[in-house]
Amino acid sequence: MTVAEEKVATAVAAAPTQADAPAKPPSKTKRRIAVTAIQVAVVAAFLAVWEWASRTEVIDPLLFGRPSEVWTAFFDYVPSPEGLESLSATFQAVGWSFVIGSILGTVCGFILGLSKWANDVFGPFLVPLNSIPRIALAPMFIAWFGLTMNAKVFLAVTIVFFILAENARSAVQSVDTDLMTMARVVGLKGPALIWKVVLPSAVPTMFAGLRLTFTYALLGVIASEMIAATNGIGQDIVLFSSGYQINTVFAIIIELVIIAVFVNAVFQFAERRLLRWQD
């Protein structure tokens, strides 16, 4: 055997066989499909057990409902005039509280993050004020504003404001100090500094806070409606619960979950669009 033939034979012997080759990791698409299938299976199993337990009266259907009847109640309540009126009343209050609380909280958070003097003076008040249970304030807002949308809005604003203020302050303070120094060296200051340096760096943290505050705005409005209101989803939950119409209560909860998931998807889409410059 020649030297060349010996080298070829050695290389072939040293090469890993197909059986010894490391297995390829599953693709992202396959993994996503597998995860989704498992999630669907878990939900289906839970609903099947719930349906069986309710039909065999292992659990009291009057207190725990039944998935098949929840499905019927969902399509009876959601498109009904009463359901649409309650949805409109609740989400008008949620919209106003989210907009007002987000603007005020973001502006105050940016001021605290950019001004050390303002942060030293007013920053220590954020934590103790935010620790006040908002539900305890609901009767006071109702006494001030009556059974109107204003009471619901102000209660939710107190939740949204403090979350966004803390979130914006942390976002501004987390901006790279070297980047801020370089921006000031090239002459950026005031609105230009905020628009071109601070805001792009703070967008990811800000959007995370916005997704969270929408949920809390919804919770604040519904909690206020459950305490005292003339209309809204919170009032419907109380009325149907007191009448032991548990299937309709679950239907309302499912409606809220669907809306929250949809709004969260909208925020994620907007965030991806705004952060394309990072790719």
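Please bear in mind throughout that the model is predicted.

I begin with the record. In an unreviewed entry, UniProt lists residues 33–53, 93–114, 126–147, 153–172, 193–224 and 244–267 under "transmembrane region". Two of these segments can be set beside the model. Residues 126–147 are 77% helix and 0% strand, and their end C-alpha atoms lie 29 Å apart.

I turn next to the packing of two helices. Such a pair is described by the angle between the two axes and by the distance between them. Helix 5, residues 81–114, packs against helix 12, residues 233–242, at an angle of about 130 degrees, and the axes are 8 Å apart. Helix 5 is therefore oblique to helix 12. On the side of helix 5, the contact involves Glu-82, Ser-86, Leu-87, Thr-90 and Phe-91; helix 12 contributes Ile-233, Gly-234 and Asp-236.

The remaining topic is charge pairing. Side chains of opposite charge can pair when their charged atoms come close. The structure contains 5 salt bridges, and I shall describe some of them.

Lys-152 and Glu-225 form a salt bridge in which the closest N and O atoms are 3.0 Å apart. Lys-152 belongs to helix 9, residues 149–173, and Glu-225 to helix 11, residues 191–227, so this pair ties together parts that are 73 residues apart in sequence. Are these two partners buried or exposed? Lys-152 counts as buried, at 4% relative accessibility, and Glu-225 is buried as well, with a relative accessible area of 0%.

Helix 9 also holds Glu-166 and Arg-169, which are 3 residues apart, or about one helical turn. Their salt bridge has its closest N and O atoms 2.7 Å apart. Glu-166 is partly exposed, because its relative accessible area is 29%, whereas Arg-169, at 12% relative accessibility, counts as buried.

A further salt bridge joins the side chains of Asp-120 and Lys-116, at 3.1 Å from N to O. Both residues lie in helix 6, residues 116–122, and are 4 residues apart, about one turn of the helix. Here Asp-120 is partly exposed at 46% relative accessibility, while Lys-116 is exposed, with a relative accessible area of 62%.

Methods: Residues numbered from 1 in each chain as written. Predicted model: local features only at pLDDT ≥ 70, side-chain atom pairs only at ≥ 80, totals over all residues. Heavy atoms only, no water. Axes fitted to C-alpha atoms, helices over the stretch in contact; angles between N-to-C directions. Helix = DSSP H or I, 4+ residues; strand = E, 2+ residues; numbered from the N terminus. Parallel < 35°, antiparallel > 145°, perpendicular 65-115°, else oblique. Contact = heavy atoms within 4.5 Å. UniProt positions renumbered as here; feature names shortened; annotations may be inferred. Salt bridge = Lys/Arg side-chain N within 4 Å of Asp/Glu carboxyl O. Buried < 20%, exposed > 50% of the residue type's maximum accessible area, 1.4 Å probe, protein only.
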